[in-house]
Amino acid sequence: MSVMTVTCENCGGVMKYDAESGMLKCDSCGLQRPVDDGGKKVEERRLEDYAAREGQEEPFLEVETYRCASCGAEVSFSGGETAKLCPMCASPQIAPSRQSSGIPPDGVVPFRIDRYKAQVMFQKWVKTRWFAPNSLKRSYQEGRLYGMYIPFWTFDAKASGRYYGRGGQGHGGNNGPSGIVWTAISGDISLTFDDVAVCATEGEGADMAARVRPFGTTESRPYSPEYLSGYGAQRYRISAPDAFPQARAEMEEQMRQHATNSITSKGYDRTDIDRVSAQFSDVLYKHVLVPVWTASFMYHNKLYNYAINGETGRVVGNRPYSPLKIAIAAMLTALFVLGVTFGGELTGRAEDFAQPQTACTQIIDWGKSNGLVRPGQRHNRVERDQGRRDVLQVAGERNKEGLTACDSGRAESHLLCRR
């Protein structure tokens, strides 16, 4: 067995899959050509036939060593690796036999976000993390983005069943739903599911890949090892039958939501689903490789990982928090609460500091202009002061003749008066 390197027919250089053009591109002369998928189609297969299919394929070896076709160096593939870069010359090395062992990929979602765009998207993501330390902007640049194809299983199924629950009308009190009238309701559910995706590997990378979903698996292209040129790839570690319970749980949750919507559509404002009995038939699966950019960086001797969806650019990751920024935010929150409390006390005691003035008798007459209230004047609010009088907050200035409204909304001229 040997590794595969895609070479340029024009100059003999190495060709890699170019995310921007969606074609293979030569690093040396720039020649581009389409990916050769052999005219295959993406097939979905019956889950019940999985064991027989897997048994017909080559067994998977945990560790294998190949010789680089470009420089002759030894390239070791371990774990679930099926494609990587040569540690000596950095040329793409693809091991088709490792990827094809067990259940070979049926389809692939190619990269659409190149390394530069992925880096820009991560920079934007970092800027929205307010509580992250400023040094994070420098630290993440030390990490190198690595493009990786992650294996997923997708499942189609027809689901039918019946839900049992109840619908409620009315309003409950603080101590319980004593004011709600409940009615027992049941009904049938029939749904069709398409491409419910479950990650087929394990570890930190698998968790990140699951978090950057969704991927366009319904439009995946027929698998060709040429898509892997220039990227890493992993083989599945979880079989389709072992992954299906997770897909089934997602389907059942959607059925519960469907039951909730069904009860709501009958005019009930509250719902309570007791259980949903579900049966699944015509379950199909396919093995798809999806694109993810991954990287890690060190901060205060701790490793942080992040991932970027290579198709959509969605970013997820773990990042440190700045104790200083958190402390500042807590202090500002406390000051805001104190300000609201202090402002409420001032409004509640308007009569203690607002002197009675003849000018105020005309302020409630909103549509008139008598020199005291002018057209276009901003009136903030009218409140009832302890049930005795109307209190009006306006922008104005106080002089020996009383209160005169101003056209400007100066903050220092906000006064409270009474009539």
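User: Which side chain meets Lys-286 in a salt bridge?
Analyst: This is a predicted model. A salt bridge requires a side-chain nitrogen of Lys or Arg within 4 Å of a carboxyl oxygen of Asp or Glu. The N to O distance given for the partner of Lys-286 is 2.7 Å, and that partner is Asp-195.

User: How many residues apart are Lys-286 and Asp-195 in the chain?
Analyst: Lys-286 belongs to strand S14 (residues 270-299). Asp-195 belongs to strand S11 (residues 180-199). The pair therefore links distant parts of the chain, and the separation is 91 residues.

User: Is Lys-286 buried or exposed?
Analyst: Buried means under 20% relative accessible area. Lys-286 has a relative accessible area of 3%, so the residue is buried.

User: What is the relative accessible area of Asp-195, the partner of Lys-286?
Analyst: Asp-195 is also linked with Glu-44 and Lys-286 in a network of salt bridges. Asp-195 counts as buried because its relative accessible area is 11%.

User: Which salt-bridge partner does Asp-49 have?
Analyst: A search of the whole structure finds 14 salt bridges. In the one formed by Asp-49, the closest N and O atoms are 3.0 Å apart. Asp-49 is partly exposed, at 33% relative accessible area. The partner, partly exposed at 45%, is Arg-46.

User: Why are Asp-207 and Arg-211 separated by about one helical turn?
Analyst: Their side chains meet in a salt bridge with an N to O distance of 3.9 Å. Asp-207 is partly exposed at 39%, and Arg-211 is partly exposed at 32%. Both residues lie in helix H5 (residues 204-211), and the separation is about one helical turn because they are four residues apart.

User: Are the rings of Tyr-50 and Trp-153 stacked or edge-to-face?
Analyst: The structure holds 14 aromatic pairs. Planes over 60 degrees apart count as edge-to-face. The rings of Tyr-50 and Trp-153 have centres 5.8 Å apart and planes at 80 degrees, so the pair is edge-to-face.

User: Where in the chain is Trp-153, the ring partner of Tyr-50?
Analyst: Tyr-50 is in helix H1 (residues 50-56), 103 residues apart from Trp-153. Trp-153 lies in strand S10 (residues 146-170).

User: What is the angle between the ring planes of Phe-111 and Tyr-231?
Analyst: Phe-111 and Tyr-231 are both buried. Phe-111 is in the loop between strand S9 (107-108) and helix H3 (115-127), while Tyr-231 is in the loop between strand S12 (221-222) and strand S13 (232-234). Their rings are stacked, at 4.2 Å centre to centre, with the planes at an angle of 10 degrees.

User: Which residue lies over the face of Trp-182?
Analyst: Arg-275 lies over the face of another ring, that of Tyr-164, at 4.2 Å from the ring centre. For Trp-182, the distance to the ring centre is 4.1 Å, and the residue is Arg-166.

User: In what order do the three strands of the open sheet come?
Analyst: The edge strands are S1 (15-18) and S3 (32-33), each pairing on one side only. Four bridges join S1 to strand S2 (residues 23-26). The pairing is antiparallel, and the order is S1-S2-S3.

User: Which residue in S2 is the bridge partner of Asp-18?
Analyst: Strands of a sheet pair through backbone hydrogen bonds. S1 and S2 run antiparallel. The bridge partner of Asp-18 is Met-23.

User: What is the C-alpha to C-alpha distance between Val-35 and Leu-24?
Analyst: Val-35 is in the loop between S3 and strand S4 (45-46), and counts as buried at 15% relative accessibility. Among the residues Val-35 touches are Tyr-17, Leu-24 and Tyr-227. Val-35 and Leu-24 are 11 residues apart in sequence, and their C-alpha atoms are separated by 6.2 Å.

User: What percentage of the residues in the protein is buried?
Analyst: The protein has eight helices and 20 strands. Of its 419 residues, the buried percentage is 44%.

Methods: Residues numbered from 1 in each chain as written. Predicted model: local features only at pLDDT ≥ 70, side-chain atom pairs only at ≥ 80, totals over all residues. Heavy atoms only, no water. Phe/Tyr/Trp six-rings, centres within 6.5 Å; stacked < 30°, edge-to-face > 60°. Helix = DSSP H or I, 4+ residues; strand = E, 2+ residues; numbered from the N terminus. Buried < 20%, exposed > 50% of the residue type's maximum accessible area, 1.4 Å probe, protein only. Lys NZ or Arg CZ within 6 Å of the ring centre and 35° of its normal. Pairing = 2+ DSSP bridges. Contact = heavy atoms within 4.5 Å. Lists of a residue's contacts leave out its neighbours within four places in sequence.
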